[in-house]
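Please look over the structure shown here, with attention to open space and to aromatic side chains.

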Amino acid sequence: MLLLNVPYEEKEEAKKLGAKWNPEIKKWYVTNPKTYGNFLKWIEGGEVSYILCDELYLVEGKTQCYRCKQQISVIGYGIKKMVTLYEDDIEFIDGTIHIGSIIDPIPETLLKYIQKHYNYKMRYSKTIGDQYLANGCPNCDSLQGNFFLFQEVDSPFFIDSDETASNLTLYKIKLPYDLVLRNVEVGYGSEDDRIEKCAKIISLDIRL
Ligand SMILES: [Zn+2]
C-alpha cells in the first residue's frame, strides 16, 4: 500500500485515477504497484526512484574478516517486490528475492536495530574515496567493503549454489506501507531463486 500526499483541491483527480481514502490515517493511498506511475506527483518525499512493496528482508551472511581472520556476521538487504521509476518508464522486481548493498534512506527503526546487532556505521572507503554506511568487523573494526561482500565470486552475498544460499539468514520485515527510497543498489544474480528455497527465514517484528 502506497501512501499519497494529495492536496484537497486535487482529490477528485486522484480518486478518478483509482486512489482510495483511509479515514483512520486521513490519507489517500493506492494498492496496485502496476499503477504507481500514475500517481508520481503525489508520492511522499518528492523525487522518487524506488518503491519497495509489502516486505523487506534483512539478510545476514557470514564472512571471514580479511584482517583478523575471524568469522563474522555481515548484513545486506533482501528485496522481493520493488517498483523502479525512470523518467518515462517503470520496472518491477516481483517474486524473487535479490540482495542489495544499499537502501537509502534506511528507516530509522531498522537502522537502530542493525546498529544494535551488527558493527554497521559510516565508514570511509579508500577504494571509492568516500564514506558510506558499511559493515565492519566486530573484533578489529576493519571496513568490510561492499565490493568484497557483494560482488566477488566468493562473497557471502554472491549466490551461486544451494550451499551459498543456505549460509544466509533472512529476517523478514512486513511493511505497513510501501517504502519510498532515493537509492537502491541491488544485484540480480541468476541463481537468486535459491535464496528463498535454501536460506533460513525468520519473521522480524519491528515496525518501520
Ligand atoms: Zn577483523
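## Basis of the model

This is a predicted model, in which local features need pLDDT of at least 70 and side-chain atom pairs count only at pLDDT 80 or more, whereas totals for chains, interfaces and linings use all residues. Residues are numbered from 1 along each chain as its sequence is written, and side-chain values use heavy atoms, with hydrogens and water left out.

## The largest pocket

The largest pocket holds about 670 Å³ of space (a pocket being an open set of points on a 1 Å grid over the protein atoms alone, where a 1.4 Å probe fits, with protein on both sides within 12 Å along at least five of seven lines). Its lining comprises 28 residues, and those nearest the centre are Asn 146, Phe 147, Phe 148, Phe 150 and Gln 151; lining residues have an atom within 4 Å of a point.

Helix 3 is the element that gives the most to this lining, with five residues. At least two residues each come from strand 7 (90-104), strand 8 (120-125), helix 3 (146-151) and strand 13 (183-186).

## Aromatic contacts

Four aromatic pairs are found across the whole structure (ring centres within 6.5 Å; stacked if the planes are under 30 degrees apart, edge-to-face if over 60, and otherwise tilted). The pair of Phe 150 and Phe 157 is stacked, because the ring centres lie 4.8 Å apart and the planes meet at 25°. Phe 150 is buried, with a relative accessible area of 10%, and Phe 157 is buried at 5% (buried means under 20% relative accessible area, with a 1.4 Å probe and protein chains only).

Conventions. Grid points are joined across faces, edges and corners, and a volume is the space filled by probe spheres set on the points. Helices (H or I, at least four residues) and strands (E, at least two) are DSSP runs, numbered from the N terminus. Rings of Phe, Tyr and Trp (its six-membered ring) pair if their centres lie within 6.5 Å; planes under 30 degrees apart count as stacked, over 60 as edge-to-face and the rest as tilted. Buried means under 20% relative accessible area, exposed over 50%, partly exposed in between (1.4 Å probe, protein chains only).
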